[in-house]
Amino acid sequence: MCETMAQTYDVVIVGAGAAGLMCAAAAGYRGRRVLIIEHAAKPGKKILMSGGGRCNFTNLNSTPANFLSDNPHFCISALKRYTPQDFLDLVERHGIEHEEKAEGQLFCRHSARDLLDMLLTECDWAGAELRLKTSVESVRQTAGGYHLKTSGGAIECEALVVATGGLSIPTMGATGFGYDLARQFGLSVLPTRAGLVPFTLHAELKQQLAPLAGISCPVDVHCNGEHFLEPMLVTHRGLSGPAMLQISSLWQPGDVLSIDLLPGHDPLAELQTLKQQQPSLSLERYLSRILPKRFAQSFAIMHGWQGPLQEYRSNDLESAAETLSHWTLQPAGTEGYRTAEVTLGGVDTRQFSSRTMAARDVPGLYFIGEVVDVTGHLGGHNFQWAWASAVAAGNIA
Ligand code: FDA
């Protein structure tokens, strides 16, 4: 198609995920002619699979401290101007039933489908057009904005918003398009890695823990100056559950995790008292009062803790207590992008206005959502970033 026949829009958004759809509605309501381009056959696939199919769509306690970034202050402005309560108001205007599962974590009561339908309705009411199964073949700057060559023909627009997400779950349509486009326009991209992802273990520990797959217990896991007090889940491949997913975003290959298996307990004091009061009690029995029985048994066997407490010398008790409060292990790695909920790193936010998400040196180019170097903790923070950054751009693009 020759350039003169290009279709024209005010705003083109690439990616019909959480951020792209939200941005389209905001820009459409301002009277902008908006087109969303999505290469998959359906929009919002990650929304549908999120939160176990019920989408943890925000967190009422979300603050900038819940986000990781090389430029930690960047997220403050957008998060302040579009809050979890703002999104909750929208959800309630659409009559979507929701519930608070853990503290502050809001989920759809029935299905994530309700939330996706809400976004699509908003886009419809705002007059935004959605084009599926369409890929962007090339992008170049023009005097008035951008010229896109797509599988569905040429498109001209004033503002181009990149909302293509991160690299996690490639089977759901994730691509590196956003990073490549950033580089094309001279923007730097920070190294990316999988976040909120289960750990894999070295063969010996994997084998020792494998029979415990499915067992979960609350732990306090520490790594690189951060810690999370949440459940840990043993899986056939390694360790998962909220505690491990959270700390995986702080973990770098080679790092050691320190896990307090008895948070809220003082094992040394408790063991010393028990040795006096119930000398025939075994360490395993003590552990099974706090931990799931099978986990307690295996952990005791793994560490050679046999016999009654009366046979333990002071330094044996000290060493056992130390192991229980600071169980150190070095994961072999993570399951990677295949199962990661998010991608850490991405387009460097230092190149953008924190109020508008616009690239400072590339007029009319915006990056929103997960493609930029802002990554939330587990618990609804990542969607809150998608909504907030989308509204910041949609109100101006
Ligand atoms: P998102 O990935 O949602 O959308 C990007 C879109 O761009 C996709 O539709 C993709 O197909 C499209 N695209 C990519 N490349 C393209 C190209 N070249 N051309 C055209 N289109 C292209 N977060 C949270 O807060 N609460 C939760 O409960 C969960 N749960 C959860 C579970 C699982 C299994 C995963 C994988 C992730 C979560 N998350 C989450 C994270 C959350 O899903 C994520 O942070 C947001 O979806 C990011 O929104 P974006 O719109 O930025 O990207």
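**Entry 1: the seven-stranded sheet**

I began with an open sheet of 7 strands, ordered β17-β16-β13-β14-β15-β12-β18, with antiparallel pairing. I looked up its edges and found β17 (327-329) and β18 (333-334), each of which pairs on one side only. I note here that the model is a predicted one.

Strand β12 (residues 199-200) pairs with β18 in the antiparallel sense, over 2 bridges. Thr200 has Gly333 in β18 as its bridge partner.

Next I asked which helix lies across β12 and β18. I found helix α8 (residues 241-248), which also lies across β13 (216-223), β14 (226-234), β15 (238-240) and β16 (257-260). Helix α8 runs at about 135° to β14.

**Entry 2: how the chain is divided**

I looked up the domain assignment. Domain 1 is given as 7-194 + 342-394, and domain 2 as 199-334. I took the centres over C-alpha atoms, and 39 Å separate domain 1 from domain 2.

How many residues of domain 1 are in contact with domain 2? I have 6 residues of domain 1 in contact with 5 residues of domain 2. The side of domain 1 that touches domain 2 has 4 nonpolar and 2 polar residues, and no charged ones.

For residues 10-395 I note 32% helix and 25% strand. The end C-alpha atoms of this span lie 13 Å apart.

**Entry 3: strands around β1 and β10**

I turned to strand β1 (residues 7-14). It pairs with strand β10 (residues 153-162) in the parallel sense, over 7 bridges. Within this pair I see Ile13 opposite Val161 in β10.

Strand β1 is also joined to strand β2 (residues 34-37) by 4 bridges, and β1 and β2 run parallel. Here the bridge partner of Val14 is Ile37 in β2.

I then looked at what else pairs with β10. Strand β9 (residues 145-150) is joined to β10 by 5 bridges, and these two run antiparallel. His147 stands opposite Glu156 in β10. I record β9 and β10 as a hairpin, with 2 residues between them.

A further partner of β10 is strand β20 (residues 365-367), joined by 3 bridges and running parallel to it. Val162 has Phe367 in β20 as its bridge partner.

**Entry 4: the three-stranded sheet**

I found an open sheet of 3 strands in the order β3-β6-β5, with antiparallel pairing. Its edge strands are β3 (56-59) and β5 (98-100), and each pairs on one side only. Neighbouring strands in this sheet are turned by 25° against each other on average, direction ignored.

I checked one pairing in detail. β5 pairs with strand β6 (residues 105-108) in the antiparallel sense, over 3 bridges. Glu99 stands opposite Phe107 in β6.

I also asked what lies across β3, β5 and β6. I found helix α4 (residues 84-93), running at about 140° to β3.

**Entry 5: around the ligand**

Which residues come nearest to the ligand? I count 37 residues around the ligand, and Gly15, Gly17, Gly165, Gly173 and Gly369 come nearest.

I then looked up which helices supply residues to this shell. α1 (18-29), α2 (45-49) and α13 (381-394) each supply at least two residues. α13 gives the most, with 4 residues.

Last, I sorted the shell by class. I have 15 nonpolar, 17 polar and 5 charged residues around the ligand. Gly counts as polar in this sorting.

Definitions and conventions
Residues are numbered from 1 along each chain as its sequence is written. This is a predicted model: local features need pLDDT of at least 70, side-chain atom pairs count only at pLDDT 80 or more; totals for chains, interfaces and linings use all residues. Two strands pair if DSSP finds at least two bridges between them. Axes are lines fitted to C-alpha atoms, for helices over the stretch in contact, and angles run from 0 to 180 degrees between N-to-C directions. Two residues are in contact if their C-beta atoms, placed from the backbone, lie within 7 Å. A residue is near a molecule or strand if its C-beta atom, placed from the backbone, lies within 6 Å of it. Domain bounds come from an automatic or database domain assignment.
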